[in-house]
Amino acid sequence: MSDKPSVLFVCVHNAGRSQMAAAWLSHLSEGHVEVRSAGSDPGAEVNPAAVAVMAEVGIDISAETPKILTVDAVRESDVCITMGCGDTCPVFPGKRYLDWQLDDPAGQGVEAVRPIRDEIERRVRGLLDDMGVPARR
């Protein structure tokens, strides 16, 4: 276990929203937050449109792979954020649970995914502020 705060992002396929959120948090926190992402039914690959729009802002998620949600991932995280997809996480006392209602980028092109990326960045910056962790400009 780390002494850094930890955040878990969860969506069904762990292929779009949760991957972008994890990448934003890793990038903006500059390593000051332990970041995880997972899905209840992981996809085969990260959404190519999500990879493309993150590359536009200089964040490479092309090597990421969808991961299965485990009880341990929830247990080891201080904050668990579901991405508006109806997932239920195991509930442990002392954890903070949030649900971010966001459009699903699945099957969408980059034009539709850009606003989702930008909204995720806004929310991640707010989360860092709430956690008292400085964000990269």
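**Note on helix α1 and the cysteines**

1. The buried residues of α1 are Arg-17, Ser-18, Gln-19, Met-20, Ala-21, Ala-22, Ala-23, Trp-24, Leu-25, Leu-28 and Ser-29, where buried means under 20% relative accessible area, with a 1.4 Å probe and protein chains only. Helices (H or I, at least four residues) and strands (E, at least two) are DSSP runs, numbered from the N terminus.

2. The model is predicted, with local features needing pLDDT of at least 70 and side-chain atom pairs counting only at pLDDT 80 or more, whereas totals for chains, interfaces and linings use all residues. Residues are numbered from 1 along each chain as its sequence is written, and side-chain values use heavy atoms, leaving out hydrogens and water.

3. Helix α1 covers residues 17-29, and its 13 residues reach 18 Å from the first C-alpha to the last, close to the 18 Å expected, a span defined as 1.5 Å times one less than the number of residues. Just after α1, Glu-30 takes a positive phi of about 50 degrees.

4. Because 11 of the 13 residues of α1 are buried, the helix is largely enclosed by the rest of the structure. Its buried residues pack against β1 (6-10), β2 (34-38), α2 (48-56) and α4 (110-131), contact meaning heavy atoms within 4.5 Å.

5. Ser-18, which lies in helix α1, is buried at a relative accessible area of 0%. Leaving aside residues up to four places away in sequence, Ser-18 touches Phe-9, Val-10, Cys-11, Ser-37, Ala-38 and Met-83.

6. Cys-11 is buried at 3% relative accessible area, and Cys-80 is buried at 1%. With a disulfide taken as a pair of cysteine sulfur atoms within 2.5 Å, the count comes to zero disulfides.

Notes:
Buried < 20%, exposed > 50% of the residue type's maximum accessible area, 1.4 Å probe, protein only.
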